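Reader: I would like a close look at a single part of this model, taken step by step. Please start with any term I need, and then go on to the surroundings.

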Amino acid sequence: MSDRFNKARQVVSLRERAWAAAASVVDPEIPVLTIEDLGVLREVVEGEGGVEVRITPTYSGCPAMGVIAWEVEAALAREGIAPARVVTVLSPAWTTDWLSEAGREKLREYGIAPPGKAGRRALFGDEAVSCPRCGCGETVLLAEFGSTACKSLRQCQACREPFDAFKCH
Amino acid sequence: MSDRFSGLLLRRADDALVLGHRLSEWTGHAPSLEEELALANLALDLIGQARALYALAAEKGAGEDEDALAYLRGDREYTNLLLLELPNGDFAVTIARLFLYAAFMDNFWRAAAASRDRDLAAIAAKAEKEAAYHLRHAAEWLIRLGDGTEESHRRAQAALERLWPYTGEMFEPEDEVLVAADVCPEPAGLREAWNRTVDAVLAEATLARPAECWMQSGGRAGRHTEHLGHMLAVMQSVARAHPGAKW
C-alpha cells in the first residue's frame, strides 16, 4: 500500500467520523429524530481550517436551531474532531420533504403524524392527515398552532385520540 | 449595490421584527389558550424571519450582527411600515392588521423566492409558507369576527377603518435597481392579488372594504408614529442595559 492511498483513506474516514458524530445529534423538541432524519444535516466538508459541518434551519423561528448547533459542536469535540466548526446554510431552503422515510416512520411511532408532501394549499383547504395511533384517515384540526412551531393539534374521529401533526412546510 | 441590498433586507427585517414584537405583547393576554399559543407562534415565525434577514444584512456590512441591528438602532433608523408599529388595540385590530399584512407578504415572499440572490430566495421560500399560514389564521378569525355578533362585527369594521390609511405604504416602490436586477419583486405588481384576497375574505366576513382615502407614509424613510419609539424602548431595554450580554 502506498502512503498516498492510506492518507486518502484516512481523509475519508475523518469526514465519515464527523458525519456520524453530527448525525447522532437529536432534535431537542422531538428527540426520536436525529438531525440526519430531519434533513437538517446537509454536508460535512474538510478544508484547510478543519472540518466544517453544514446545517440548515427548518422553520424560520425554530428555537431548537441554536441548541442543535451547540450539540453538534459538543458531539464533534467528544469524538476528538478538531478544529471543527458548524456553519448554517440557507440555500436550498429546507422543506418537510427533506424528512427521511425512516424519520417519518419514527414520528408515527412516537405519536406524531408525519407531514404530507410540501406544496401550496388553497387559502382554507385542509390537508388529509391519518391518525398515528389507529391509522384512521378521518381526523380534524383542533388548533393550527401546537406545542412547537412545527406542529398543529388534531383529533382522530375513530379513536377520539388527540395527536400532534407535523405541519407541512 | 451592497448598500441597496442591505436596505432591502433591513426594511423587510424591520417589518417582521416590529410586528413580531407587537404580537408577542399578547402573551399572557390572549382571549383563549389556543389563541395564546397561536399568537406566540406567529410572533416566533416573524422574529425568526427577522433574524435571518438581519444576519444576512450584517454579513453584507449593514451592522455588526443581528443583535446590533435589532437592539442598537433608534427609531429613525428603523424602516418598517407604519401599519406594523401601531399599538395592538383590541383583538379585532390585531387580527385585521395581521390579515392585511399577511395577504401582501404571502405574495411578496412567493415572488421573492425566485430572487436572483440565493440567500434571499431561501429565506423567502420559508417565509412564504409561514405567511400563507398566517394569512389563513387571520382570515378565519376575521370571518368569524365580521360574521359573528353585532359587537364583533362593529369592532372588526372599525379595525379595518382604523388601519386602512396605513395599507398604501405596502405598495410603495421598492429599490428600482434591485427590482430591475430581479433581486426583489415590485410591490405595485402585487396589488391586484392583494385586492382579490382582501375582497374575497371581507365579502365572506360581511365586512365592507373601507373607502379609498389619503394614505399615510414615512416609515420607509424612518419617519414614524409616536408609537415606535415607545415600543423600541421596551424591546431594547435589556440589550441596552447590558451591552454585549449573551443568553
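Author: Helices and strands here are DSSP runs numbered from the N terminus, a helix being H or I with at least four residues and a strand being E with at least two. With that in hand, the part to look at is the loop between β6 and β7 of chain A, where Arg160(A) has its place. The model is a predicted one.

Strand β6 of chain A covers residues 151-156 and is mostly covered, with 5 of its 6 residues buried. This strand has a partner in strand β5 of chain A, residues 139-143, to which 4 bridges join β6(A), and the two run antiparallel. To find one point of this pairing in the 3D view, look for Leu141(A), which stands opposite Arg154(A) in β6(A).

β6(A) also pairs with strand β7 of chain A, residues 162-166, again in the antiparallel sense, and here the count is 5 bridges. A point to find in this second pairing is Gln155(A), which has Pro162(A) of β7(A) opposite.

Now the turn itself. The hairpin of β6(A) and β7(A) has 5 residues between the strands, and within this hairpin Arg160(A) takes a positive phi. The angle is near 65°, and the residue is not a glycine. Is Arg160(A) buried, exposed or in between? Its relative accessibility is 47%, and so Arg160(A) counts as partly exposed. The cut-offs behind that step are under 20% for buried and over 50% for exposed.

A positive phi is also found in chain B. Asp182(B), likewise a residue other than glycine, has phi near 60°. Asp182(B) sits in a loop of chain B that runs between α8 (176-180) and α9 (191-204). Because its relative accessibility is 42%, Asp182(B) counts as partly exposed.

One joins Ala82(A) to Pro83(A), with omega about -5°. Pro83(A) belongs to the loop between α3 (64-78) and β3 (84-88) of chain A. Another cis peptide bond joins Ser91(A) to Pro92(A), and omega is about -5° there too. Pro92(A) is in the loop that connects β3 with α4 (101-110) of chain A.

Gln236(B) counts as buried because its relative accessibility is 4%. Leaving out residues up to four places away in sequence, Gln236(B) touches Ala70(B), Tyr71(B), Leu72(B), Arg73(B) and Tyr78(B).

Last comes the contact between the chains. Chain A contributes 26 residues to this contact and chain B contributes 31 residues. About 2,400 Å² is buried between chain A and chain B, and carbon and sulfur atoms give 58% of that area. On the side of chain A that touches chain B, the classes are 12 nonpolar, 10 polar and 4 charged residues. Between the two chains the count of salt bridges is 0, while 7 residue pairs are in polar contact, both residues being at pLDDT 80 or more.

Conventions: Residues numbered from 1 in each chain as written. Chains lettered and ligands numbered in written order. Predicted model: local features only at pLDDT ≥ 70, side-chain atom pairs only at ≥ 80, totals over all residues. Heavy atoms only, no water. Contact = heavy atoms within 4.5 Å. Buried area = accessible area lost by both parts, 1.4 Å probe. Salt bridge = Lys/Arg side-chain N within 4 Å of Asp/Glu carboxyl O. Polar contact = N/O pair within 3.5 Å; in protein donor to acceptor, adjacent residues only side chain to side chain. Nonpolar A, V, L, I, M, F, W, Y, C, P; charged D, E, K, R; others polar. Buried < 20%, exposed > 50% of the residue type's maximum accessible area, 1.4 Å probe, protein only. Pairing = 2+ DSSP bridges.
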